[in-house]
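Please open the model in your viewer and keep the sequence panel beside it. The tour below moves from one selection to the next and says what is to be found at each stop.

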Amino acid sequence: MAAVTMKKCFEVMIMTIRNMSLNDYDEVYALWAAAPGVGVNDFDDSVKGIAKYLARNPRTCFVAEKDGKIVGAVLGGHDGRRGTICHLAVAESHNKQGIGTALVDAALAALQNEGIRKVWLVVMADNAQGNTFWEKQGFEKRDDIYYRNKVIIEEQYAKNSCC
Ligand SMILES: CC(C)(COP(=O)(O)OP(=O)(O)OC[C@H]1O[C@@H](n2cnc3c(N)ncnc32)[C@H](O)[C@@H]1OP(=O)(O)O)[C@@H](O)C(=O)NCCC(=O)NCCS
């Protein structure tokens with residue numbers, strides 16, 4: 001657990017960045033569901049789906065907590081070769097205070113600690129705020145790659161996400 005101090009105008013607030021656990025699910029899901037640019041569905045993002053993700057990636061998913069309330073979250077994970085980041089969201093009331101950056105820094109450090117050299121992510125092309133954010137984090141936009149995917153479990157409710 002790391003305490004991160006951030007300055008906002010004249011106010012100094014203490015933000016805790018810690019690993020996400022399944023106990024955080026309800027709060028984190030509400031955050032994701034309210035965040036423009038984060039697509040949630042009832043399959044991958046169900047309690048069962050997130051439990052599976054956290055079990056595979058127990059050290060690389062994080063929440064930001066302030067006054068006992070979760071105000072940001074990110075899922076980091078890897079397949080043993082490449083790292084990936086998804087579902088980064090910060091509560092609108094807490095935007096532009098460095099919380100998104102602190103969550104990404106935590107996920108990248110944890111992935112690096114697991115021997116991961118390169119991390120990728122997808123962001124919707126029309127998510128201007130998200131793209132500005134990732135550019136600032138040093139994530140290069142690749143124009144030489146087509147992103148392709150294929151649904152292999154035909155669940156109607158699982159088709160509502162970008163990746
Ligand atoms: C994108 C998001 C995670 C950024 O979180 P945050 O805590 O506000 O980000 P930070 O305060 O660390 O900002 C870092 C940089 O991102 C950019 N940025 C953040 N919010 C921005 C906004 N509203 N408009 C333009 N740029 C913005 C800025 O370059 C900022 O640096 P600066 O403060 O020095 O100008 C947050 O706005 C969010 O949850 N958006 C909705 C969900 C989403 O789009 N997630 C990404 C999906 S891939």
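Begin by selecting lysine 96, which lies in the loop between β5 and α3; helices (H or I, at least four residues) and strands (E, at least two) are DSSP runs, numbered from the N terminus. Lysine 96 has a positive phi of about 60° although it is not a glycine. Most residues other than glycine have a negative phi. Because lysine 96 has 11 C-beta neighbours inside 10 Å, it counts as exposed; on this scale a residue is buried if 20 or more other C-beta atoms lie within 10 Å of its own, exposed if 12 or fewer, and partly exposed in between, with C-beta atoms placed from the backbone.

Before going further, note that this is a predicted model, in which local features need a pLDDT of at least 70 and side-chain atom pairs count only at pLDDT 80 or more, while totals for chains, interfaces and linings use all residues. Residues are numbered from 1 along each chain as its sequence is written.

**The whole chain**

Colour the chain by pLDDT, the predictor's confidence in each residue, from 0 to 100. The chain averages a pLDDT of 91, and 87% of the residues score at least 70. Now select residues 7–11, where the pLDDT is below 50 and where the model has 3 contacts beyond near neighbours in sequence; two residues are in contact if their C-beta atoms, placed from the backbone, lie within 7 Å. Where pLDDT is low, the predicted coordinates should not be read in detail.

Switch to a cartoon view to find 4 helices and 6 strands, which follow the pattern β-β-α-α-β-β-β-α-β-α along the sequence. Of the 163 residues of the chain, 29% count as buried. Among contacts between residues at least 6 apart in sequence, 61% join residues at least 24 apart.

The ligand is surrounded by 21 residues, the closest being Gly37, Asn95, Gly100, Thr101 and Gly130. Two or more residues of this shell come from each of β5 (83–90), α3 (99–113) and α4 (128–136), and α4 gives the most, with 5 residues. Coloured by class, the shell has 9 nonpolar, 10 polar and 2 charged residues; here Ala, Val, Leu, Ile, Met, Phe, Trp, Tyr, Cys and Pro count as nonpolar, Asp, Glu, Lys and Arg as charged, and the others, Gly among them, as polar.

Which residues of α3 are buried? Select Ile99, Gly100, Ala102, Leu103, Val104, Ala106, Ala107, Ala110 and Leu111, which are the buried ones. The end C-alpha atoms of α3 are 21 Å apart, which agrees with the 21 Å that its 15 residues should span at 1.5 Å a residue, the expected span being 1.5 Å times one less than the number of residues.

Centre on alanine 107, which, leaving aside its neighbours within four places in sequence, is in contact with Thr60, Phe62, Val74, Gly76 and Ile85.

Move to tyrosine 53 in helix α2, which counts as buried because it has 20 C-beta neighbours inside 10 Å. Leaving aside its neighbours within four places in sequence, tyrosine 53 is in contact with Leu75 and Gly77.

In the loop between β3 and β4, select aspartate 67, which has a positive phi of about 50° although it is not a glycine. With 9 C-beta neighbours inside 10 Å, aspartate 67 counts as exposed.

Finish at arginine 81, in the loop between β4 and β5, which is exposed, with 9 other C-beta atoms within 10 Å. Draw a distance from arginine 81 to glycine 115: they are 34 residues apart in sequence and 8.5 Å apart in space, C-alpha to C-alpha.

Methods. Near = placed C-beta within 6 Å.
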